[in-house]
Amino acid sequence: MKKNEKHVLYNALCNNYRYYNISDLEFLMEIKTSYNKIVNNSENRPDLYLELKDKIIIIEEFEFDSSIQFSNGGSFNKQAENFKDKKFIDLIKNKNLDQVNVVMHSSISLESSYEYYIENLLLKFRSHYNSIDKYKEFIKEKTKSVKKIEIVFLITDNTPLGNYIDIEGIPIQINIFDNIEFIKELEQSTKLDYIIFSYGNSNDPIIIIKNTSEQIGVLKKDIKKMGGAL
């Protein structure tokens, strides 16, 4: 089943929010109040765009998890889901639903780690970041507009049950801004304006951050208070 990126955004916007600056929250509310105007771009990349009076917001969505990646670029978690979908469809085709109840049980053994979490995040991030110029060119041609363009990445952690660290016996769910390697990557990614980070398998608050040198400095200080990079 093809993913609907606009629906992914909708689910994220239904959660509470965490933000560092009130202007970031205002930007998020601008997207939320204009949700019905967002175009789900079925022709090409980027995934979504929103044309407002003074600007165009490009929203590119991607997801990752902490499971091992295969050589074809797919995660173990994602391929396991696809296998279950195919297995279920095949089972349905071979059953007469008027006469038989279909029951399917399945279990998955995931090979996952924090190293895979960061590796997968950076792989996906760099792939989409390297396409930003193409996204802008497409939107300029599509809209025939000379308005300012802002780039947003909607990043979803889809790890089953989430990713946690133990702090004094309390499990704390991590996010991408806890890692110094990713923050350094973000610091070099000056074409990106905003990140919206969400947890695909929980209702934890989404995080909205504007990619500025000031914000990078704040994130680095937060990591230092935590004792350094995770």
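**Exercise 1. Determine what share of the contacts in the chain with a separation of 6 or more comes from residues 24 or more positions apart.**

Step 1. A contact requires heavy atoms within 4.5 Å.
Step 2. Among contacts with a separation of 6 or more, 69% join residues 24 or more positions apart.
Step 3. The model is predicted: local features need pLDDT of at least 70 and side-chain atom pairs pLDDT 80 or more, whereas totals for chains, interfaces and linings use all residues. Residues are numbered from 1 along each chain as its sequence is written, and side-chain values use heavy atoms, with hydrogens and water left out.

**Exercise 2. State how many helices and strands the chain has, and give the strand order of the open sheet.**

Step 1. Helices (H or I, at least four residues) and strands (E, at least two) are DSSP runs numbered from the N terminus; the chain has seven helices and nine strands.
Step 2. Two strands pair if DSSP finds at least two bridges between them. Seven strands form the open sheet, in the order E1-E9-E8-E5-E4-E3-E2, with mixed pairing.
Step 3. The edges are strand E1 (17–19) and strand E2 (39–40), each of which pairs on one side only.

**Exercise 3. Describe the surroundings of strand E9.**

Step 1. E9 (residues 206–210) pairs with E8 (residues 194–199) in the antiparallel sense over four bridges, and a hairpin through six residues joins E8 to E9.
Step 2. E1 and E9 run parallel and are joined by three bridges.
Step 3. Ile 208 of E9 is the bridge partner of Ile 196, and Tyr 19 also stands opposite Ile 208.
Step 4. Buried means under 20% relative accessible area, exposed over 50%, and partly exposed in between (1.4 Å probe, protein chains only). Four of the five residues of E9 are buried, so E9 is largely enclosed by the rest of the structure. For the chain of 230 residues, 41% count as buried.

**Exercise 4. Classify the packing of helix H6 against H4 and against H7.**

Step 1. Axes are lines fitted to C-alpha atoms, for helices over the stretch in contact, and angles run from 0 to 180 degrees between N-to-C directions. Angles under 35 degrees count as roughly parallel, over 145 as roughly antiparallel, 65 to 115 as roughly perpendicular and the rest as oblique.
Step 2. H4 (residues 114–129) and H6 (residues 180–188) pack at about 10° with axes 11 Å apart; they are therefore roughly parallel.
Step 3. The axes of H6 and H7 come within 10 Å and cross at roughly 170°; these helices are therefore roughly antiparallel.
Step 4. In the latter contact, Ile 180, Ile 183, Leu 186 and Glu 187 of H6 meet Ile 216, Leu 219, Lys 220 and Ile 223 of H7. Ala, Val, Leu, Ile, Met, Phe, Trp, Tyr, Cys and Pro count as nonpolar, Asp, Glu, Lys and Arg as charged, and the others, Gly among them, as polar. The H6–H7 contact has six nonpolar, no polar and two charged residues.

**Exercise 5. Identify the residues with the most contacts inside the largest nonpolar core.**

Step 1. A nonpolar core is a set of buried Ala, Val, Leu, Ile, Met, Phe, Trp, Tyr and Cys residues joined through side-chain atoms within 4.5 Å.
Step 2. The largest core has 34 residues, and Phe 177 and Ile 195 have the most contacts inside it. H4 gives the most to this core, with six residues.
Step 3. Apart from this core lies another, of 20 residues, including Leu 48 and Ile 208.
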